Structures are given as C-alpha cells and as structure tokens.
Amino acid sequence: MRYVSTRGKVPAVSFKDAVMMGLADDGGLLVPESVPSFTTEELTKLSALDYPSLAYEIISRFATDIEPAELKKIIEKSYAAFDTEEVIPVVKKGGLYIAEIFHGPTFAFKDIALQFLGNLFEHILEERGERLNIVGATSGDTGSAAIYGVRGRKNIRIFILHPKGRVSPVQEMQMTSVTDENVFNLAVHGTFDDCQNIVKEIFGDLKFKHDYSLGAVNSINWARVLAQVVYYFWCSFRAAENGKRPVFVVPTGNFGNIFAGYYAKQMGLPVERFILATNENNILSRFINEGDYTSKEVVATYSPSMDIQIASNFERYLYFFYNKDASKVEQLMKTLKAEKGITFPPSDIAKVQEEFGTYSASNDETEEVIASFYKNTGYIIDPHTACGVAAGLKLDTDSPVICLSTAHPAKFPDVVVKSAGIEPEKPAGILKLEGLPRKVEDISNDTEAVKEFIKRNV
Ligand SMILES: *Cc1c(COP(=O)(O)O)cnc(C)c1O
C-alpha cells in the first residue's frame with residue numbers, strides 16, 4: 001500500500017515513510033492510495049478474533065512493508081500494556097453500549113494509537129539505524145500517552161512541554177513520574193498556547209529540526225488513525241443485535257477518533273450513523289448543522305481534551321467527501337487560512353447529514369449527565385464521555401447505540417465529585433504513581449531556552 005497527500009503534490013510513499021514523515025511535504029495529510037475492504041464473510045471471521053489478532057488483520061492491509069511476524073510482535077506488545085485482557089470492554093448501561101477505550105497505561109484513548117506508534121517508531125529506527133527526538137506540547141492527555149508510548153525506547157528521546165500548574169494533577173503525575181533517561185518533561189511558565197507556539201517555532205527552524213532529527217507525534221500521523229480504525233470493528237461485533245447496524249457516538253476534538261470510524265465504514269463496516277459530540281467549542285457541530293466551519297475563541301470547559309477550534313484531521317474527511325479531489329482540498333485549506341473559516345453549500349451539508357448527526361453539550365449539561373447517569377445506572381463517566389452520553393440518550397433509534405468512552409473518570413475526578421458527589425475509584429495504574437519520584441524541569445516561556453535544553457540533552 002502506498003500513501004498520497006490530501007493536497008496531491010508529493011509522490012506516493014511507503015507505509016514506513018508515511019509514519020516517519022507525519023505531515024506531507026506539501027502541507028497535506030497522508031492517506032492510503034486505495035481503501036482496502038472486507039466482505040460480509042470476512043467480517044464474520046473477524047468478529048471471532050481477540051483484539052490483537054483483529055488489529056493484525058486490519059493493520060496488515062496497510063502496513064504492507066513490515067514483515068508479518070514483526071508486525072504481529074509490534075501489535076501484541078502494544079496491547080499487552082493494557083490493564084484488561086479484553087483491551088476494550090464494551091458494557092451495556094442505561095440502554096447504551098459504553099465502549100471503554102481507555103484501558104491503556106494513561107487511561108485515555110490516546111494510548112491505543114500511541115502505544116502502537118511508539119513500537120513502530122522503535123522498529124523503523126532500529127532497521128534504518130536512525131534516531132528520533134520527539135518534541136510536543138500537551139494540555140494533558142496526548143503528552144502522557146506519548147511519553148508512555150516511547151519511554152525506555154532505544155533511539156528515541158521525547159521532550160514534552162506542558163503549562164506549569166495548568167494540567168490536571170493526575171495528568172501531571174502521569175507525565176512527571178516517568179524517570180526514564182529518554183523522557184524529558186518541561187514545565188513551561190505559561191499557557192498551553194505558549195507551549196504550542198514554542199513547539200511551532202522550533203519546528204519552523206528547519207535547520208534545527210534537521211540537525212537534531214526532530215519529529216512529532218500529533219494526531220496527523222496516519223498510524224494513529226489506523227490503530228483507531230480497529231476498535232470500530234471490535235465494538236460493532238460486541239454490540240451486534242440481530243445484524244442491526246450500530247450508531248457510534250464520538251466525543252470529538254481534532255476529528256481523529258471519529259475519522260477512524262468514518263474510514264472503517266469506507267472499509268465495509270456496516271454503520272448506521274455517526275454522532276459527533278462536542279462541548280462548548282462546537283466548530284464541528286456548526287459544520288454539520290449549518291455548513292459553518294469558522295473558528296472562534298477557545299473556551300475552557302470540563303472536557304479539556306476537546307477544547308479545540310481547528311480540527312487537524314478534518315482535512316482527511318474533506319478529501320474523501322470530495323472523492324479524493326486534492327485540488328478542491330487545497331483550495332478549501334487556502335480559504336481556511338485566509339478567512340479563518342469555510343462556508344459549505346447546503347447541498348454538500350445535506351450529504352454530510354446523511355452520515356453524521358451532532359450534539360454540543362454545555363458544561364451544565366455535562367454535570368447533569370454525569371449525575372443522572374450515575375444515579376440511574378451506578379456507572380461513572382468522565383466529562384468527555386458525558387458529552388457523548390448526553391447525545392446518545394437523546395437519540396430515538398432502534399439501532400444499537402455505541403458511545404465511545406474516551407477517558408477513565410479517575411483522570412478527571414473534580415468534575416465527577418462536583419456533579420455526582422462520588423469520588424471515582426482509582427485504577428491500580430493511577431494509584432501506583434502516588435509518591436513516586438518526579439522528573440521535571442521548570443523552564444521559562446522562551447523558545448531559545450527550550451532549544452538550548454534540547455541541544456544539551458539529545
Ligand atoms: C483527545 C481526546 C478526545 C478528542 O479526540 P479527537 O481524536 O481529538 O477528536 C476526547 N476525549 C479525550 C479524553 C481525549 O483525550
């Protein structure tokens with residue numbers, strides 16, 4: 001399988017090159033040249049597999065330049081790090097299927113992709129005799145999942161910037177209790193935006209980027225989407241009710257999670273509909289409802305991992321929506337850059353609405369749903385999942401409804417305590433972090449200071 005850019009201006013590359021490249025050189029996102037698909041008979045066979053075997057059957061269609069035995073090892077290692085053998089339990093509560101995609105080492109769904117990506121990086125670097133220095137900014141979940149994905153790996157160092165004192169205590173503990181030699185936590189005296197700007201400026205210095213072999217782990221890497229495609233199959237099989245096609249409800253920020261679902265459907269997975277759930281940062285809800293994709297100021301909500309105003313994977317969706325018309329995508333992205341927004345014609349939006357519904361939950365509603373769901377079912381959900389469950393409970397449908405639960409409630413206990421009056425039980429993977437030694441470096445809000453730190457430590 002070869003990979004092309006959504007903007008059509010770079011020659012096709014292999015899977016391994018696509019993984020190492022991240023963003024395409026023309027500024028587009030890499031996508032597979034063709035969509036592999038499964039027949040009904042094949043789907044029946046897949047439904048009997050355990051998670052790593054299912055992941056192998058799907059991923060091997062894309063990672064065609066990795067030796068099968070090697071790929072199997074990479075996948076098995078990635079999901080052995082989860083705290084349940086099932087990897088993703090699907091439970092039925094209050095008439096909804098709740099898919100717990102958060103059982104990885106940092107208790108948010110980012111682990112599903114970043115465990116896999118860490119092992120892939122290690123394999124490719126070893127084979128090529130290369131090194132990689134990952135630099136990234138985080139508001140919490142991605143940074144910790146990325147650190148756990150590459151801790152202790154040969155040939156990789158990781159530098160993660162977080163805003164000092166502005167990530168949740170659990171997230172802070174998860175990142176800074178990793179004392180492996182190749183992991184560097186930088187607590188920046190500033191906001192998340194400051195951290196992101198520093199990272200942008202560092203990557204903008206192409207000489208520095210090249211001299212120090214810098215790489216990124218953000219959600220534009222195709223391998224991250226790919227690892228997420230697997231659980232749409234897995235969850236559908238577990239919610240099969242007399243062959244009815246399920247509805248997926250997906251708490252959404254960067255459109256990475258839900259794009260994987262959309263792609264699974266292109267591969268032949270029967271899906272009735274996707275419901276894209278947002279918080280008060282509702283650019284994607286406005287897109288689906290009115291064709292208005294215009295970014296506004298980001299507001300801080302109870303579900304910080306969904307506090308975004310530009311969805312980095314949206315470009316991949318547009319590419320497939322407009323039948324792989326790369327020049328159309330390029331033109332739309334130009335408009336977005338110049339005008340800070342895109343307005344889509346009603347005829348296109350009618351087509352979008354055939355596949356996507358949407359719902360935007362306010363902070364108040366997030367609290368209400370956490371409280372009422374706990375009262376009615378005894379099951380505690382985190383504030384991100386609550387945005388989805390709020391949408392799921394409003395649906396009037398005969399289809400099985402699968403809500404993706406993107407984080408463990410113990411990761412965001414304050415909102416849960418405030419809403420439902422109960423402290424979520426901490427899983428062993430969080431309990432064991434308490435009292436561990438910390439490794440973190442305070443650093444000023446200054447790009448040069450961060451560059452100096454990287455130079456000293458690569
Ligand atoms: C990242 C994240 C999301 C948003 O996922 P996207 O792929 O960015 O749409 C939702 N919930 C949690 C807990 C997350 O960490």
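Lysine 394 is found in helix H17, which covers residues 383-394. The model shown here is predicted.

**Lysine 394**
- Leaving aside residues up to four places away in sequence, lysine 394 touches Tyr359 and Glu365.
- The side chains of lysine 394 and glutamate 365 are joined by a polar contact of 2.8 Å.
- Tyrosine 359 is 35 residues from lysine 394 along the chain, and their C-alpha atoms are 9.4 Å apart.

**The ligand**
- There are 15 residues around the ligand; Lys110, Asp141, Gly253, Asn254 and Thr406 come nearest.
- By type, this shell has five nonpolar, eight polar and two charged residues.
- A backbone N or O atom of asparagine 254 lies 2.7 Å from an oxygen atom of the ligand. For asparagine 257, a backbone N or O atom lies 2.9 Å from an oxygen atom of the ligand.
- Threonine 406 uses its side chain: an N or O atom there is 2.9 Å from a nitrogen atom of the ligand.
- The ligand taken alone exposes 390 Å², and the protein buries 96% of that.

**Helix H13**
- Helix H13 spans residues 314-321 and is mostly covered, with eight of its eight residues buried.
- Among the buried residues are Glu315 and Arg316, along with Phe314 and Tyr317.
- Asparagine 323 follows H13 and has a positive phi, near 50 degrees.

**Salt bridges**
- The whole structure holds 24 salt bridges.
- Arginine 61 and glutamate 42 meet through their side chains in one of them, at 3.7 Å from N to O. Arginine 61 lies in the loop between helices H3 and H4 and glutamate 42 in helix H2, so the pair ties together parts that are 19 residues apart in sequence. Arginine 61 is partly exposed, at 29% relative accessibility. Glutamate 42 is also partly exposed, at 30%.
- Glutamate 126 and lysine 154 form a salt bridge with their closest N and O atoms 3.1 Å apart. This pair links helix H5 to the loop between helix H6 and strand S6, 28 residues apart.
- Glutamate 272 and arginine 245 meet at 3.3 Å, N to O, in a salt bridge. Glutamate 272 sits in the loop between helix H11 and strand S10 and arginine 245 in the loop between helix H10 and strand S9, so parts 27 residues apart in sequence are tied together.
- Lys77, Glu122 and Arg153 form one network, joined by salt bridges that share partners.

Technical notes:
Residues are numbered from 1 along each chain as its sequence is written. This is a predicted model: local features need pLDDT of at least 70, side-chain atom pairs count only at pLDDT 80 or more; totals for chains, interfaces and linings use all residues. Side-chain values use heavy atoms; hydrogens and water are left out. A residue is near a molecule or strand if one of its heavy atoms lies within 4 Å of it. A polar contact is a pair of N or O atoms within 3.5 Å; within protein, one must be able to donate a hydrogen and the other to accept it, and residues adjacent in sequence count only if both atoms are side-chain atoms. Accessible areas come from the Shrake-Rupley method with a 1.4 Å probe; for residues, only the protein chains shown count as cover. Ala, Val, Leu, Ile, Met, Phe, Trp, Tyr, Cys and Pro count as nonpolar, Asp, Glu, Lys and Arg as charged, and the others, Gly among them, as polar. Buried means under 20% relative accessible area, exposed over 50%, partly exposed in between (1.4 Å probe, protein chains only). Helices (H or I, at least four residues) and strands (E, at least two) are DSSP runs, numbered from the N terminus. Contact means heavy atoms within 4.5 Å. A salt bridge is a side-chain nitrogen of Lys or Arg within 4 Å of a carboxyl oxygen of Asp or Glu.
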